[in-house]
Amino acid sequence: PGERFVRNRSMRDALLGHGAFHDALEERLGCPPWSVILFAGLSVVYLTLQVLQRATVRPSPTVPSGDKGDAVGSEREFRAFQWRWGVVYATIMLADWLQGTHMYALYSSYGLSKDNIGNLFIAGFASGAVFSTVIGPFVDRFGRKAGCVLYCVLEILINALEHFDTMPPLLVGRVLGGISTSLLFSAFEAWLVSEHRARKFPEQWLERIFSLNGALNGITAIAAGLLAQFLTVNLGMGNIGPFRGAIALTVLALFQILPWDENYGDRTAEVSASLRLAVGTMSRQPSLWLLGIVQSLFEGAMYTFVFNWVPLLEPLAPQSKSPFPHGLVFACFMLCIASGSSIFELAGRRLDSRHILALTLLVATIGLATPVLATSFAAVLGSFCVFEACCGAFGPGCATLRSRVIPSNIHSTVLNLYRITLNLAVVAGTKGSTVASSNTLFAACALALALATACQVALNADPRVRSAAEVAGKSD
């Protein structure tokens, strides 16, 4: 017992930052031991979830007995379609994440003040709020593939503008960034959903693609951190390196997108008419605006978390000779996102997406309420990991519900209307971080998520959000 007590105490010292054992381990690792142990543990969790996904049987959609041959062909075609989509999505998201790793550092190296850097970020979100009203109808009328191509062209131009070290070209880049972000989160999804239906794949299989998107989002974020390190340090490009890498990846994605088939919303409607149609449909269909509220509240809280987790968590960390491991903690969060997507996929084999989303929002509320009530580093870090896992489950869950309730002819328009309130919420959260304490901001985020949970419960009562299989079962 005595030897076991000494051994356990040494392990606690290694984790919490005390004693000679901790110092020796930290010197060998080059960072606080707790961060490496956390990353290793979360990696095991993610790999375990991957094994479970492949080891367990996925329920297949009900297929009439006379159509079994077609179903086999559809499954094979679907997997090929999913693979081609996944390659493009991973390339696009890797380029997007790559820019975020060093954007603040790049602007700081140009000698810009903190206020000017903040103004650049706000300009991007404000641009997204303003241009969202016209981007959606434009994409629905002139083509979703055209919107994806335009996104790539804008991103190449934006990353080229990042090479200038003065405010005017950087400001132009951020304004264009607001437009490209609106395209990223509307044109690609609208094309995917329409193409999926054009190929007559079962509606239930959309959940599999959205779950893949969530997992790829987390994986590419981790890869972006490693690639950014390689470009800035190993290749000696400095802070501009990730932006050059993003240009190369976006060009690669552009050539992958060009062979896509085009699909449209309402090609005959003017932009103003599409906007009026979308607003009118939302006013008559409560499920549309309820889902928009849920998405805006959750993603507003998520972006506020992104801006404020460091100043809250860093002072609570155990004292260490090495600096706080921002990159490794970020990688841990991305592992949580990837794990959350896998959990959504596994849970989706037994529960409908709308119920999973309600549970996810409830857990996320608890996750961001914990830092307001707790001062323990382990409790706060753990709650942040739980919240990031909720982010991984929320993405595919919300996308699945959007595919059920948003009419195909106005899909991009409605998605961009959602982004107006989201961008306004992010601007408020960014400004709020300069005038309010971290505890106040996290309390506000927890309240927003509680409201989102209530809205999701109300949304679940609407028959429009039921899955196609459930509707068929009830009709039988």
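**Figure 1. Cys152 and the cysteines of the predicted model.** Cys152 is buried, with a relative accessible area of 0%. The structure shown is a predicted model. Which cysteine sulfur is closest to that of Cys152? The closest one belongs to Cys148, at 7.4 Å, and this is too far for a bond. A disulfide is a covalent bond between the sulfur atoms of two cysteines. A search of the whole structure finds zero disulfides. Cys385 is likewise in no disulfide, and the nearest cysteine sulfur, in Cys336, lies 3.9 Å away. For a disulfide the two sulfur atoms would have to be within 2.5 Å. Cys385 counts as buried, at 9% relative accessibility.

**Figure 2. A stacked pair formed by Trp85 and Trp191.** A pair of aromatic rings is described by the distance of the centres and the angle of the planes. The count for this model comes to 25 aromatic pairs. In one of them, Trp85 and Trp191 are stacked, with 6.3 Å from centre to centre and 15° between the planes. Trp85 belongs to helix 4 (residues 68-109) and Trp191 to helix 8 (residues 187-198), so the pair ties together parts that are 106 residues apart in sequence. Are Trp85 and Trp191 buried or exposed? Both residues are buried.

**Figure 3. A stacked pair formed by Trp191 and Trp260.** Trp191 also forms a stacked aromatic pair with Trp260, at 3.9 Å centre to centre and with 15° between the planes. This pair links distant parts of the chain, 69 residues apart: Trp191 is in helix 8, while Trp260 is in the loop between helix 10 (241-257) and helix 11 (271-284). Trp191 and Trp260 are both buried.

Figure 4. One aromatic cluster is formed by Phe78, Phe81, Trp85, Tyr89, Tyr151, Phe188, Trp191, Phe201, Trp205 and Trp260. Which residue lies over the face of Trp205? Arg208 does, at 5.3 Å from the ring centre.

**Figure 5. The backbone at Lys200.** Most residues other than glycine have a negative phi. Phi of Lys200, in contrast, is near 60°, a positive value in a residue other than glycine. Where is Lys200 found? Lys200 is in the loop between helix 8 and helix 9 (206-234). Lys200 is exposed, with a relative accessible area of 70%.

**Figure 6. A nonpolar patch on the surface.** Phe138, Phe142, Leu150 and Val153 form this patch, and together they have about 320 Å² of accessible area. Which helices each supply at least two residues of the nonpolar patch? They are helix 5 (114-142) and helix 6 (144-161). Phe138 lies in helix 5. At 31% relative accessibility, Phe138 counts as partly exposed.

**Figure 7. Leu441 and Leu368.** Leu441 is found in helix 17 (residues 438-460). With a relative accessibility of 10%, Leu441 counts as buried. How many residues separate Leu441 and Leu368 along the chain? The two are 73 residues apart along the chain, and their C-alpha atoms are separated by 9.8 Å.

Key. Residues are numbered from 1 along each chain as its sequence is written. This is a predicted model: local features need pLDDT of at least 70, side-chain atom pairs count only at pLDDT 80 or more; totals for chains, interfaces and linings use all residues. Side-chain values use heavy atoms; hydrogens and water are left out. Rings of Phe, Tyr and Trp (its six-membered ring) pair if their centres lie within 6.5 Å; planes under 30 degrees apart count as stacked, over 60 as edge-to-face and the rest as tilted. Helices (H or I, at least four residues) and strands (E, at least two) are DSSP runs, numbered from the N terminus. Buried means under 20% relative accessible area, exposed over 50%, partly exposed in between (1.4 Å probe, protein chains only). A charge sits over a ring if NZ of Lys or CZ of Arg is within 6 Å of the ring centre and within 35 degrees of the ring normal. Patches are made of residues with over 30% relative accessible area and no salt bridge: like charges are joined within 9 Å, nonpolar side chains (Val, Leu, Ile, Met, Phe, Trp, Tyr) within 5 Å. Accessible areas come from the Shrake-Rupley method with a 1.4 Å probe; for residues, only the protein chains shown count as cover. A salt bridge is a side-chain nitrogen of Lys or Arg within 4 Å of a carboxyl oxygen of Asp or Glu.
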